[in-house]
Amino acid sequence: MRRFLRTGAGLILTAIMLFPVYWMVNVSLTRDTDMRADPPHLFPVNGTLEGYRAVLDQQLPYLSTSLVVGLGTVLLTVALSAPAGFALAKLRPRGGGALSFILLMAQMIPGIIMAMGFYAIYLNAGVLNTVPGLILADSTIAVPFGVLIFTAFMSGIPDELLQAAVVDGANRWRTFVSVVLPVSRNAIVTVSLFAFLWAWSDFVFATTLDGGGDHRPITLGIYQYIGNNNQQWNAIMATAVVASIPATALLVIAQRYVAAGVTSGAVKD
Amino acid sequence: MTTVRRESRETAADAVSRGPSGRGPGRGGNRHRAEKPGASRRHRGQWSAWAFLAPVTVYLIAFYAWPLYRNIELSLREYTVRSFVQGGAPFAGLDNYREVIGHDTFWPAFGHTLLFTGVSIVFQFTIGMALAVFFVHHFPLSATLRALFLVPWLLPLIVSASTWSWMLNSESGIVNAALGLAGVDPVNWLTSPDYALWSVIIANIWIGIPFNLVVLYSGLQAIPAQIYEAAALDGVNGWQRFWRITFPLLRPVSAITLLLGLVYTLKVFDLIWIMTKGGPADASITLATWSYKLGFGNLLPEFGPGAAVGNLLIVIALIFGLIYIRIQRRQAAGS
Amino acid sequence: MKAYTAALLAITMAAGLTACGDNGGGDAASGSYTIWDPYPQFDDSSAWVTLLKKCGTDNGVTVERTGYDTTDLTNKALLAAQQGNSPDVLIVDNPVVSTLAEAGVLTDTGVTSLDTASIAPNILAAGQIEGKTFGVPIGANTLALYYNKAVLADAGVDPATITDWAGLTAALEKVKAKGRKGITFSAIGTEEGSFQFLPWYWGSGAQLTQLDSPQAVASLQLWADWVTKGLAPNSVLNNTQTTSWQEFATGDFAFGENGTWQLENAKKTGFEVGIIPIPSQAGGVAPAPTGGEFVSVPVQSDSARYDVSGKLVSCLTSNDNLLATDTTLSYIAPVAAVQQQQVAQNAALTVWVDAVNAAKGRTSDNLGTKYPKISEPLWTAFQASLSGSKPPQEALAAAQQTAASATK
């Protein structure tokens, strides 16, 4: 009984939290002329699917670009931050502390300044408006966080486990690959999830570094509807709704693993 | 190269790394391990450790150092659009900093930044914590509902910020319509100097809840069930259990969550920019928003002062980062 | 882990490979010319892009076109120029032209031997600094008052009689007495707000060089009074021109100040919409600011490219192409001959052609790059005044002080 009360409370809380999202869906179905109705329509009476029609006609390529960018960012972030986390947590080099402090502070550089710095580099390197270029830039949002989480997580792995591997004749790299990574599955999932979400919703890097060309992410697809003097709000909101469907699905699946946590689960001691 | 020296050199990484795993036994374990190996072994360890760190270090230098250098350079020269393109901007020393600190907007922006960051973090964290504690009990649909809580995060900021400004619109917003039903006069949420800052704070809290929920929830998962079982035997009630067991054990995770929250909140500009443009009349401007406005919000960019404000923000974050390390160390020493 | 390393390698290699490819400006021998425009809403299949490609083929080159969001384009152009990698042809919003020219990013029409003789002088002025012209307008738009015929008829107001501020305010009061809403506009704290305020500002006889003149105060007093009396909603403070249009489109408002580009949307509102020019204080049509873009040729290290770039600009701004482009963009052509063709095609454009001919560039009067430094204090002032933090006189006095010290 208590459990069902909790479900009820959970439903109410979720409803409150997601009300703005509902409002977005509502707007996506509203005709232009009803957008500023006073009082506002709680439900899309006289709704229109115009916004969705526009999205399905025009936005699908952007979605797939976003997916590729998101997955690329995940791979790059994990590849960079997992070894670093291992080194900081278990090998504890001198200067490691300073390094992770710098990593933390590096995130303070305003995104737009980062983007401007990247822009000059990218323009000369010719990677402007390319998918790899955007992946590289998006990963800067997630790598410092990834290092932090991996460090925190891997320092919880018992040393005995690592020593056992060394006794078996494994070098540090082999230990990392065959012992540390497998037990860090949950940390990998958590970092991947965050990296994916940040890349998926990134706008500043996308607009600065990938603002033109054929491979634009979904956050810029929205900009199709923000013209020079005019904005098609139902299409904008419809894009957002469509864009959040695959990401939500992914989230619900990944949640099972994140549930086991940033910090726990790998080693049952 | 002795262990004594190592201990004294312990800094952020160690503090941070110990963070979430800092349940009693793990922490002690780490210390002991550090003392065991011989000198040559440590030496070899240094090399391989840096081999693991090399990719991230190279990456850090390549992708953060350059923008940071650019930003500092921008702030120390007197740039016009012409010298920005053609080069040859004269060195101006700290003139840009003097200019922005002496500007009418500086102190309001500074105060708003503290208020915005402080209030946002307190509420994001408290609500995130409450939700995490709520969701840690399994009940039907709990996993799904928890996942749904993350949906706000998936929305591009331009969409969530626009939705909020929609809902808070003075004339046709749903919030005022609801207040009207309750018999309250409409509030000019975004257009009154008294409410604009609070409106953006509310929207920012909403956006920040998922992050806090996920990280704190993961931290809660790490607390072994045995501890609660033991406490239950001692007849501890729910409220006491939270304050005596959960909260202290969650302290390291909380510290990281707060620090990251601080770093992320200090630099929020897009939300405010979309909702109020920092207005009306600077009523909701923060340092990050002001920096953006100076550099990009006008037809004629003022790169120098814009960069100077950005750098001041970095300094503020640095100060908080150092305070964090200070506290961490004292706690490590105390425990 | 192997997989990750492989992926990392693949990404770095991909980045390396593309680095060897063609970038930005390219060289004359490649026969490829880059064009940047602020019309991201047009994709490769649109008439606009087809026109760009055709202009390229006609001149024996291929065109690489990229559409950017208009607010980003200024900074992109500045950064690209800084890196010596400007596009060959750049299409930018007219008040930006003087900034880019000041930065030395753009060539003047003497270098590219472009002919601007047929262009209306008041539209061309936004791109002229000290006797030199830095681009060719591709079209113009401006502001006027849209009105809801039914609401006015209901309140017994004849729109033809509204020729000055007093008449307009009286009409708004009649509308309000009938329980409807008066007027909506955009007073947001950005350039967009200044754009909307200028017809009233100029309509009082005020000059941008003296923000606290009695005329200027009168114009801000007009807006402030409308908001305090409830003739205009409080939401104008946060309205963009789009949200302002949406308010008008609800059918509750009598008037909406908006631009040429809403003409198509006016047909979709479901009620009858008329248009009058914005009145000045003393009577007659107030000068409204011109909107619209200029086609320009950025400076290149290889001056041999200017020849073809100039031809591309001529092609885009030739009379036939102007007619097609301006119809798509819902703009008024900057050339009298083409304006006549537009009116012949669509009589509803007559009001707009008149309005554009009476309009004035924001950076005109040789203000150039001083304009942005005046516009920002101006929008700060009307935001302060409309939100009730400062009375008009005080707000404008402060604005004048800021503007004077920024432009001296």
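How many residue pairs are in polar contact across the interface of chain B and chain A? The rule finds six, with both residues at pLDDT 80 or more. A polar contact here is a pair of N or O atoms within 3.5 Å; within protein, one must be able to donate a hydrogen and the other to accept it, and residues adjacent in sequence count only if both atoms are side-chain atoms.

This is a predicted model: local features need pLDDT of at least 70, side-chain atom pairs count only at pLDDT 80 or more, and totals for chains, interfaces and linings use all residues. Residues are numbered from 1 along each chain as its sequence is written, and side-chain values use heavy atoms, without hydrogens and water.

Stay with chains B and A. Together they bury about 9,700 Å², counted as accessible area (1.4 Å probe) lost on being put together, summed over both. Carbon and sulfur atoms carry 74% of that area. B:F52, B:L154 and B:W166 supply 9% of what chain B buries against chain A, more than any other three residues. Helix α4 (residues 39-76) of chain B gives the most to the side touching chain A, with 19 residues. Helices are DSSP runs (H or I, at least four residues) and strands likewise (E, at least two), numbered from the N terminus.

Now turn to chain C. Four strands form an open, mixed sheet in the order β8-β9-β7-β10. Strands pair if DSSP finds at least two bridges between them. β8 (181-184) and β10 (273-276) of chain C each have a single partner strand, so one side of each lacks a neighbour in the sheet. Strands β7 (residues 143-148) and β9 (residues 253-259) of chain C pair in the antiparallel sense over five bridges. Within β9(C), C:N258 is the bridge partner of C:A144.

Methods:
Chains are lettered from A and ligands numbered from 1 in the order in which they are written. Buried area is the accessible area (1.4 Å probe) that two parts lose on being put together, summed over both.
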